[in-house]
Amino acid sequence: MPVPTFKDSNTREAFDRDGYVIFRGLAAPLVPALRDVYQGMLAALPDSDPYFNVPMTGTNCIGSLPLRSRILASVGEIIAPAVGSVVDDYRIIGAGFRVKQVGPDSELPLHQDPTQVDEERSWLMNIIIPIVDTSIDNGALKVVPGSHKVMRQLRSLDLEDRAETLELDAVLEPLVETLPMQAGDAIFYLQSVLHGSGANLTANPRPLMLGTVMERNTPVTVYFRQADRPRMFDRYEVPDNYFNQMEDFDRDHKLRPNVGRFTGEIEDLHDRSRDELLAAFRGLVADRRAAREI
Ligand SMILES: O=C(O)CCC(=O)C(=O)O
């Protein structure tokens, strides 16, 4: 599992251990510009826009593809200096807004994101910059540090491998960390680290900038599990804007790609049964208790 090319070696070490790293205040000077783009986006959306139909919404849910593209271009341009100040040899492949609407349905269960790169050879990570302060009340991010080392499997686009689906929640409970952040803090995290966020029980939406940063010259590859051979995946090389160009994001991101090209089938060498995962996470709990980390 190659570690992202953070400039600082202590950051690389912490990221490798935990699967994420937070830079407090890294993007604070960028928050006014990000808020301007966010407000402009809201102003451009008709009340009937699909953006307003889902509790976890964002740029990818906007009905107008040209508007989406404009937001992605502006946000990518704004955050590039912050990313470039801490990471070398990267490219940004999509940076927009992820917005938690108000209400109990806005909870996002712990999950891994679908695999988007050959993780044996290359790195890819997400970056989140909240543009309002986040707290337990409005749905701050949650992570399970170290879970990327336990759950190294390929993650199919159809998302059948959620921690929720596997009913791991009880064993994970002592390992979950909630990470309140201030507007302008930045967290980089692996898509394989278990993460999620609670419901937004305040009166206002919780917008944050969510982007993906990856090794500069590596293609985006996505995977789809074969129905009859669960360890086998079909692999597709797709364009950088793959997740940003779907007509109906909520429906289409779980389907086989209809753009890009099929590049063959691949066996998942890290497949683990639910019992194996439970045992591994119980081991992690015991280790953390012994080290008095939880
Ligand atoms: O917005 C959040 O709370 C987290 C977003 C996330 O994890 C996702 O979109 O997969």
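1. The model is predicted: local features need pLDDT of at least 70, side-chain atom pairs count only at pLDDT 80 or more, and totals for chains, interfaces and linings use all residues. Residue numbers start from 1 along each chain as its sequence is written.

2. The chain has 7 helices and 13 strands (DSSP runs numbered from the N terminus: helices are H or I with at least four residues, strands are E with at least two). Its radius of gyration is 18 Å, close to the 19 Å from the globule rule for 294 residues, so the chain is as compact as a globular protein of that length. Here the radius is taken over C-alpha atoms, and the rule is 2.2 Å times the number of residues to the power 0.38. Along the principal axes, the C-alpha atoms fill a box of roughly 50 × 45 × 40 Å.

3. Of the contacts with a separation of 6 or more, 82% join residues 24 or more positions apart. A contact means that two C-beta atoms, placed from the backbone, lie within 7 Å.

4. Helices α2 (residues 31-44) and α3 (residues 65-84) have axes that come within 10 Å and cross at roughly 175°. That makes α2 roughly antiparallel to α3 (angles over 145 degrees count as roughly antiparallel, under 35 as roughly parallel, 65 to 115 as roughly perpendicular, the rest as oblique). Axes are lines fitted to C-alpha atoms, for helices over the stretch in contact, and angles run from 0 to 180 degrees between N-to-C directions.

5. On the α2 side the residues are A33, L34, V37, M41 and A44, which meet L67, I71, S74, V75 and I78 of α3. This contact has 9 nonpolar, 1 polar and no charged residues. Ala, Val, Leu, Ile, Met, Phe, Trp, Tyr, Cys and Pro count as nonpolar, Asp, Glu, Lys and Arg as charged, and the others, including Gly, as polar.

6. Around the ligand stand R98, K100, L108, D113, G139, L141, H195, S197, L208 and L210 (C-beta atom, placed from the backbone, within 6 Å). Strands β3 (90-100), β9 (195-197) and β10 (206-215) each give two or more of these residues. The shell has 4 nonpolar, 3 polar and 3 charged residues.

7. L154 lies in the loop between α4 (147-150) and α5 (169-172). L154 is buried, with 25 other C-beta atoms within 10 Å; the cut-off for buried is 20 or more, for exposed 12 or fewer, with partly exposed in between. Leaving out residues up to four places away in sequence, L154 touches T115, Y223, F233 and D268. In the whole chain, 39% of the 294 residues are buried.
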